[in-house]
Amino acid sequence: MTTRAYLGEFELMVMLALLRIGENAYGVPISREIEAHGGREVAVGSVYATLERLEQKGLVASSLGDPTPERGGRAKRYFQLTPRGLREVRKTRQALIRLWQGLPELEGGRA
Amino acid sequence: MKVSQPPASASWLLEHLVLGEKNEALAGDLLEEFQRRRSVAWYWRQVLGAIFAGFANEMRAEWSSAGYVVAWTFGFAAIWTFVAPYFWEYVVRSAPQRLFVWLAENHALVFLIVQRVISGRVLDDYGSNLLFLSTGIIFYSAGIRSFSLRRFLRGVLVGLLIFAVEDFVFGFVMGLYGLALWRFIGFCWTWFSWLPLFIAVLSSMWMARPHWTRSEARQSSRAIS
């Protein structure tokens with residue numbers, strides 16, 4: 001039996017942002033994506049801390065780009081979901097859909 | 001006019017206070033975003049957020065060390081402070097018990113410190129607090145499988161240094177506002193007085209544990225590969 005890596009809310013948001021952005025996923029675009037859809041300012045440091053954790057769990061992989069002058073000679077770190085990460089997102093989605101079904105409080109789109 | 005460079009002090013904090021990996025990429029991201037369209041206030045918020053997130057991540061990853069520090073500073077010592085008087089008066093009667101007490105007396109100084117801290121005399125007991133701090137690190141280090149004397153000594157030194165600075169600041173604040181605070185906060189103040197000791201012990205643990213810096217971790221991974 002494999003161990004499930006349960007995802008927190010922010011972890012799931014970061015992973016979905018990775019999927020939406022695709023190849024160019026590094027700290028700033030990921031934060032912008034979450035800000036655009038989540039409606040709140042996101043600390044880039046929190047995104048990195050979360051990505052570090054996800055990488056340790058084997059759900060995300062990263063690679064370094066080339067250093068650029070506008071970044072003070074620092075390289076970008078690009079992230080992408082691993083196949084295991086994608087599976088976990090799918091499982092979480094299915095679990096959430098099952099939990100949401102049949103709840104009258106959540107129907108109609110109003111709080 | 002928009003400044004093109006972020007505040008140097010914030011960049012310094014980002015460079016030195018964010019725990020964990022990926023600092024270079026994070027610093028580059030913040031610089032890139034700042035130069036594009038963001039304000040100084042945004043940069044400061046990001047830096048403080050990164051420090052907090054890095055610290056929270058480390059606490060989560062090193063929960064056993066963090067738990068030990070909480071237990072040592074707030075749990076074990078505080079409980080003993082309240083239990084000790086009853087222990088001496090009602091429990092210690094037989095010869096084996098006296099032997100146990102004799103053994104315990106070797107640590108009596110530590111417990112004495114705690115009693116004094118709890119009774120509000122934290123500023124008079126600098127030496128005792130340092131002893132308490134060192135004893136905590138000794139116990140912690142004894143539990144680390146790959147014990148290293150160098151790491152242990154570094155933990156003690158860093159802990160003592162941090163506590164010395166904190167104690168000075170604490171004393172300064174007490175000197176300015178102590179009396180008024182004491183009247184207002186009363187008993188709670190004695191608990192608040194644990195904070196410098198807690199931070200010092202926590203810092204010591206971080207220094208004493210294996211691979212406490214990124215450079216050490218890199219050296220270790222290079223050695224493995």
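Trainee: How do the residues of the lining of the largest cavity divide into nonpolar, polar and charged?

Mentor: Keep in mind that this is a predicted model. The lining includes A:Val28 and A:Val42 as well as A:Arg32 and B:Glu33. Sorted by kind, the lining residues come to 4 nonpolar, 2 polar and 4 charged.

Trainee: Which element gives the largest share of that lining?

Mentor: Residues of both chains take part, among them A:Ser31 and B:Trp42. Two elements give two or more residues each: α2 (27-38) of chain A and α3 (40-61) of chain B. The largest share, 4 residues, comes from α2(A).

Trainee: What is the volume of the largest cavity?

Mentor: Cavities of 30 Å³ or more are counted here, and the count is 1. For the largest cavity, the volume is about 40 Å³.

Trainee: Which side chain meets A:Arg53 in a salt bridge?

Mentor: Side chains of opposite charge can pair when their charged atoms come close. A:Arg53 sits in helix α3 (residues 44-56) of chain A, and its partner is 42 residues away in helix α1 of chain A. At 3.3 Å, N to O, the partner is A:Glu11.

Trainee: What accessible area do A:Ile97, A:Trp100, A:Leu103 and A:Leu106 have together?

Mentor: One of these residues, A:Leu106, lies in the segment after α4 (83-100) of chain A. The four form a nonpolar patch on the surface, and their accessible area together is about 370 Å².

Key: Residues numbered from 1 in each chain as written. Chains lettered and ligands numbered in written order. Predicted model: local features only at pLDDT ≥ 70, side-chain atom pairs only at ≥ 80, totals over all residues. Heavy atoms only, no water. Patch = residues over 30% accessible without salt bridge, like charges linked within 9 Å, V, L, I, M, F, W, Y side chains within 5 Å. Areas by Shrake-Rupley, 256 points an atom, 1.4 Å probe, with all protein chains shown as cover. 1 Å grid on protein atoms, 1.4 Å probe; cavity = no way out; pocket = protein on both sides within 12 Å on 5 of 7 lines; lining within 4 Å. Points joined across faces, edges and corners; volume = space filled by probe spheres on them. Nonpolar A, V, L, I, M, F, W, Y, C, P; charged D, E, K, R; others polar.
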